[in-house]
Amino acid sequence: MTEGSNTAAKRLLKEINEIHKAAARPGGVDSGVLHLSPIAEDSLFSWVAVITSSETSGDSPYKGGRFKVAIEIPEDYPVRPPTMKFISKVCHPNVHWKTGEICLDLLKSAWSPAWTLKTACVAISLLLDAPEPDSPLNCDAANLLRCNDRRGYDSLIKMYTSLYSETD
Amino acid sequence: MYSIEAERIEARTCWICLESESEDTPRDNPEPRRSSRVGRMSSLSIAAILGNSNSTPSASPLSAPSSRTTDASAWVHPCRCLGLDAHHLCLLRFVAERRTTHPGDPVKCPVCLYVYDIDEEADWLGAVLAFGDRATRSLVPYATFTAISATVYIMSTAYGAYAIVATCGPQLADSILSDDGMWGSRTWIGMPMIPIALIASRLDIADNVLPVLPFLILSNQQPISITLPPSPTVTLCFLPWARQAIRKQDLVVYRVLIYFATWQFNNNRAIYKEIWRLVYHFTISKSLTAASTTLHPNTDTTINTAVVGEQQPIANAQPQGFPPPAPPRRPGPPSSLPRLLMGALLLPAIASFAGTVLGAVPFLRSKLPSVFLRSTVGAGLVILGRDIILYWDFVRRRKRAMGNGRRIRDFTG
């Protein structure tokens, strides 16, 4: 094992501890991230998260939707960003409809080790309700927003959310 | 949530590996706690990190200590963020990553954007390489464009040489191509222009330029003398005009073609008169224009029926109440790019072949003594023949489409 993956493993264990600690604290559960853990006990480098809209008040079109995110962690993890992709179908201007790829700068160029898997997931849940239609991966959704068709956009999202939301 | 005091009392946590001071793995020689306010951050070079990547640096007593090597467990506080401490080695790895992903950019604290003060050997080679890399990247589009242009240019020149040899024959081509090492504008501009001109000659875009082009190119030659049979220079000057005459259907050649086509289409005396008017007075009456319009649905000739006093025979050949059938495509410029390129670029080969065929007839050989003349006349005949066949076929299909030339027999059984 290289030094890098060693550091990564240590840091990931730390993050697991942090997540458990936060879950034990009253009010420590983040509204946007319902679940975040490694896929299995022995797979420290691939995680799964369940993300929902972090907007508690107001009516987000993603309200009630639960979306699975696959997280692959590189060996030199805190220095390099993890790759995160939606497994669930998500209709969002910055999410690729087929691959689930997420267009978020902090997963690419703006990554720094100061982020954790948890904060990255929170960022994704915030992205759900703050789409950036000028760098779209889903042009149809982005075009609705760019044409200011908020009603059309909302009902499209609501339809796909009710169709594809995870139910567990 | 935390006050500054609480932060200081709490164990320091490395913001990269998230380990805190208390649970540091024990080292061979534990470093005494250093002040986190050390201004300068001494560092390993990137190569040192990579070289030591398989062992903890401090664990190996054999590694020669330099002024820049530090203990792995050393802590550093590189920026003005309170409580944002890091292991020296962790931060070095971060710096190394930044140096590779963002070469040339200063490494900053991701929170307060303070530029880290890094004490490292001036990396001249890296800087030069990074500059070269950036320069290369910005030059790639231009270099690609230049390379493609040069390729096309050279290929065009080679094609031009081939076209000259094919149409002019070995002797004339030799005198044209071998300029005793004097490569003038004819070599650099004229030869690569040959394929371009051939392609343009198949389109309408060059209609206005081509007739004067030979004069421009040949203007610095010796005075042009018109002989019979004409010299290659004179032939070249007349070629665009001949092309114009063939292409422009308003000219006599095509009027005659249309006339015979119309005559076959509908043996009508009115049009028969028209052709004589055309040939003798070079005027086109409205009814002939109308007739040719029905033959050529794509030409936008306006028909003013109010002016036309006489009947329009063709227009009335249509049965009443029937929608006009889709007209067959009029023979015109090539329909696709491959056809255009192939037709244009095969011309010299076709000309050469036709010239050879003409040269096989002794009578024509004596009338057309040079290879170039035979090729030119041959190519012209091929083009004219092709056009006549195409028009004939067009008229035939048009006739069928109009319901003429085809009759269903009554059942006699």
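Tutor: A polar contact here is a pair of N or O atoms within 3.5 Å; within protein, one of the two must be able to donate a hydrogen and the other to accept it. On that definition, in this predicted model, 4 residue pairs are in polar contact between chain A and chain B, with both residues at pLDDT 80 or more. By class, the side of chain A that touches chain B comprises 5 nonpolar, 4 polar and 6 charged residues.

As for extent, 15 residues of chain A are in contact with 16 residues of chain B. The area buried between chain A and chain B is about 1,500 Å², and carbon and sulfur atoms give 56% of that area.

Between chain A and chain B the count is 1 salt bridge. A:Arg80 forms a salt bridge with B:Glu97, and the closest N and O atoms of that pair are 2.7 Å apart. Over all chains, the structure holds 6 salt bridges. Among them is one within chain A, where A:Glu15 is paired with A:Arg11 and the closest N and O atoms are 2.9 Å apart. Both A:Glu15 and A:Arg11 lie in helix α1 of chain A, residues 3-24; they are 4 residues apart, about one turn of the helix.

Chain B also carries a nonpolar surface patch of about 620 Å². The patch is made by B:Tyr153, B:Ile154, B:Trp188, B:Ile189, B:Met193 and B:Ile196. The elements that give two or more residues to it are α4 (124-177) and α5 (185-200) of chain B. Of the contributors, α5(B) gives the most, with 4 residues. B:Tyr153, for its part, is placed in helix α4 of chain B.

Definitions and conventions. Residues are numbered from 1 along each chain as its sequence is written. Chains are lettered from A and ligands numbered from 1 in the order in which they are written. This is a predicted model: local features need pLDDT of at least 70, side-chain atom pairs count only at pLDDT 80 or more; totals for chains, interfaces and linings use all residues. Side-chain values use heavy atoms; hydrogens and water are left out. Contact means heavy atoms within 4.5 Å. Buried area is the accessible area (1.4 Å probe) that two parts lose on being put together, summed over both. A salt bridge is a side-chain nitrogen of Lys or Arg within 4 Å of a carboxyl oxygen of Asp or Glu. A polar contact is a pair of N or O atoms within 3.5 Å; within protein, one must be able to donate a hydrogen and the other to accept it, and residues adjacent in sequence count only if both atoms are side-chain atoms. Ala, Val, Leu, Ile, Met, Phe, Trp, Tyr, Cys and Pro count as nonpolar, Asp, Glu, Lys and Arg as charged, and the others, Gly among them, as polar. Patches are made of residues with over 30% relative accessible area and no salt bridge: like charges are joined within 9 Å, nonpolar side chains (Val, Leu, Ile, Met, Phe, Trp, Tyr) within 5 Å. Accessible areas come from the Shrake-Rupley method with a 1.4 Å probe; for residues, only the protein chains shown count as cover.
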